[in-house]
Amino acid sequence: MTVQEEGLGELEVWIDQDLCTGDGICAQYAPEVFELDIDGLAYVKSADDELLQEQGATTRVPLPLLNDVRESAKDCPGDCIHVRRVSDKVEVYGPDAE
Ligand code: SF4
């Protein structure tokens, strides 16, 4: 099912680095979106592959990677990957999702 079919619209993802365990699961699932920095914590990447090192930075979730990002949020041991709608910032996958 696509994001449009689910009625979710555009999604963005951010990581709460305070809770990141640095295990790298997200970077294995979706290396286009997540990467570990030299500090051992995971960060999101921009569409042009730039690591966004600001704490809580967001990046858009490319539609073809939605499943990988969703699985990352589900399996994240730190429970610190947040996926939310761009339009109203409501979390759809992650610890704060309904
Ligand atoms: S899966 Fe979660 S805890 Fe593990 S590196 Fe990624 S953000 Fe950190």
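**Exercise 1. Find which residues Val86 touches, leaving out residues up to four places away in sequence.**

Solution. Start with the contacts. Val86 touches Glu10, Leu11, Glu12 and Arg60. Contact means heavy atoms within 4.5 Å. This is a predicted model: local features need pLDDT of at least 70, side-chain atom pairs count only at pLDDT 80 or more, and totals for chains, interfaces and linings use all residues. Residues are numbered from 1 along each chain as its sequence is written, and side-chain values use heavy atoms, with hydrogens and water left out.

Val86 lies in the loop between β5 (81-85) and β6 (91-93). Strands (E, at least two residues) and helices (H or I, at least four) are DSSP runs, numbered from the N terminus.

Then check burial. Val86 has a relative accessible area of 18% and is buried. Buried means under 20% relative accessible area, exposed over 50%, partly exposed in between (1.4 Å probe, protein chains only).

Last, take one distance. Val86 and Thr21 are 65 residues apart along the chain, and 26 Å separates their C-alpha atoms.

**Exercise 2. Describe the shell around the ligand.**

Solution. Count first. The ligand is surrounded by 15 residues (a heavy atom within 4 Å). The closest are Cys20, Thr21, Asp23, Cys26 and Cys76. Sort by class: 10 nonpolar, four polar and one charged. Here Ala, Val, Leu, Ile, Met, Phe, Trp, Tyr, Cys and Pro count as nonpolar, Asp, Glu, Lys and Arg as charged, and the others, Gly among them, as polar.

**Exercise 3. Work out the pattern of helices and strands along the chain.**

Solution. Count the elements: three helices and six strands. Read along the sequence, they give α-β-α-β-β-β-α-β-β. The radius of gyration, taken over C-alpha atoms, is 12 Å, close to the 13 Å of the globule rule for 98 residues, so the chain is as compact as a globular protein of that length. That rule is 2.2 Å times the number of residues to the power 0.38. Finish with burial: 42% of the 98 residues count as buried.
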